[in-house]
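This report looks at side-chain packing and pairing in one protein model. Please keep the sequence and the 3D view at hand.

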Amino acid sequence: MRNLTILCMLLLSTCAVANAKTLYFNRPADTAQARYVIELLSLAYKDIGHKLELIDFDRHSALIAANEGELDGQLGRIAGVTDSYANLIYVDYPLYSFNLQLISHCLSCTFNQLSSLVVQSGYLVAYQYMMDNQYKGELIEVKSTAAQLNLLMQEKVQGALIVDFHLREHLPYMDMEAVKIEDLLTIESFHYLHKKHSALIPKLKQTLKKLESKGVIAVLKAKYRI
C-alpha cells in the first residue's frame, strides 16, 4: 500500500512538471515599472505552475507578433489594445497606473494649439490621445525619451507627449522655468495573453488578487517606487 501511495505521488509530480509551460514575452525597456511587472508576473506564473521567459525582440513589432501567437502575449499594455489586436485578451487586474504628460514651451497653449509635437514611436497611449483629440499639427516620431527632450529643448518642436516615469529621470537636468508640464490623463496597464492561453486568465487574476491580499504587491511597489 505504501509503495502504491509513493507511486501515485510520483505520477502526480511527473504530470505537474509535464503540464508546466514556459510562456515567452519580449523584453521591455529597462524601467522600474518593467522590473516590477516582470517580478510580479513571474511570481504569478510560478504560483499557477508556469514559467515566464523573456526574449530579445523588436519592441516595435511585438504587438503584432503577440497577436499572431509568435509571442505568448504582452507583459503590460494599456486597456484598448484589443481594439486593433483582436487575438489578445487582458487579465482584468490593473498592474499599475501612470500619467501621460504634455511638456511644452508654450505656457499658455492648449493641446490643440500646439503647432508641432514629438512622440516616442510605439507608445499607443500617445497616438490614442492625439486621435481622440483630433490633433492636426506636425508630428515627429523618435525612438527615445532623450531624443524627444533634445528636440523640445532645442525648440525644434513646441511640445512632447511623454509618459511620466520616462520623464522623471530627466527632470534634474532640465530648465523647468522654460517649460510647462501638464498631466493629460491617467492610464492603467494590464497583462495580455494570446487567446490560445485564455484558460490561464482567470487563474492569473485570482493569483494576482491573492498576492495583493498577502501584501506582496504593496511590497513590490515600494521596492520599485511605483
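Are Phe-98 and Phe-165 buried or exposed? Phe-98 is buried, and Phe-165 is buried too. The model is a predicted one.

**Aromatic pairs**

The two Phe rings also form a pair. Their centres lie 5.7 Å apart and their planes meet at 80°, so the pair is edge-to-face. Phe-98 sits in strand β5, while Phe-165 belongs to helix α6 (residues 164-167), so this pair ties together parts that are 67 residues apart in sequence.

How many aromatic pairs does a search of the whole structure find? It finds nine aromatic pairs. One of these joins Tyr-90 and Tyr-192: the ring centres are 6.1 Å apart with planes at 40°, so the pair is tilted. Tyr-90 lies in strand β4 and Tyr-192 in strand β9 (residues 180-194), so the contact ties together parts that are 102 residues apart in sequence. The two rings sit in contrasting surroundings. Tyr-90 is partly exposed, at 35% relative accessibility. Tyr-192 is buried, with a relative accessible area of 1%.

**Nonpolar cores**

In soluble globular proteins, nonpolar side chains tend to be buried together. Here the largest nonpolar core has 55 residues. Tyr-45 and Leu-161 have the most contacts inside this core. Helix α2 (residues 32-47) supplies the largest share of it, six residues. A second, separate core holds 12 residues, including Ile-103, Ile-162, Met-174 and Val-179.

What does Leu-161 touch, not counting residues up to four places away in sequence? Among its contacts are Leu-100, Leu-102, Phe-111, Leu-117, Met-130 and Leu-184. Gln-101 and Gln-148 are also touched by Leu-161.

Gln-148 counts as buried because its relative accessibility is 1%, and buried means under 20%. Leaving out residues up to four places away in sequence, Gln-148 touches Val-118, Val-119, Gln-120, Val-142, Ala-160, Leu-161 and Ile-162. One of these, Leu-161, is a top-contact residue of the largest core. Another, Ile-162, belongs to the second core.

**A buried loop serine**

Ser-121 lies in the loop between β6 (116-120) and α4 (124-132). At 17% relative accessibility, Ser-121 counts as buried. Beyond residues up to four places away in sequence, Ser-121 touches His-60, Tyr-127, Glu-141, Val-142 and Lys-143. Val-142 is also touched by Gln-148.

**Salt bridges**

Side chains of opposite charge can pair when their charged atoms come close. The structure holds eight salt bridges.

| Lys-51 | Glu-53 | 3.5 Å |

Which elements hold Lys-205 and Asp-92? Lys-205 lies in helix α7 (residues 201-213), and Asp-92 is in the loop between β4 (88-90) and β5 (96-104), so the pair ties together parts that are 113 residues apart in sequence. Lys-205 is partly exposed, at 27% relative accessibility. Asp-92 is partly exposed as well, at 39%.

Lys-51 and Glu-53 are next. Lys-51 is partly exposed, with a relative accessible area of 47%. Glu-53 is likewise partly exposed, at 27% relative accessibility.

Asp-164 counts as buried, at 12% relative accessibility, whereas Arg-168 counts as partly exposed, at 44%.

**A surface patch**

Which residues form a nonpolar patch on the surface? Leu-171, Met-176 and Ile-181 do, with about 210 Å² of accessible area together. Met-176 is found in the loop between α6 and β9. At 36% relative accessibility, Met-176 counts as partly exposed.

Terms used:
Residues numbered from 1 in each chain as written. Predicted model: local features only at pLDDT ≥ 70, side-chain atom pairs only at ≥ 80, totals over all residues. Heavy atoms only, no water. Salt bridge = Lys/Arg side-chain N within 4 Å of Asp/Glu carboxyl O. Buried < 20%, exposed > 50% of the residue type's maximum accessible area, 1.4 Å probe, protein only. Helix = DSSP H or I, 4+ residues; strand = E, 2+ residues; numbered from the N terminus. Core = buried A, V, L, I, M, F, W, Y, C linked by side-chain atoms within 4.5 Å. Contact = heavy atoms within 4.5 Å. Phe/Tyr/Trp six-rings, centres within 6.5 Å; stacked < 30°, edge-to-face > 60°. Patch = residues over 30% accessible without salt bridge, like charges linked within 9 Å, V, L, I, M, F, W, Y side chains within 5 Å. Areas by Shrake-Rupley, 256 points an atom, 1.4 Å probe, with all protein chains shown as cover.
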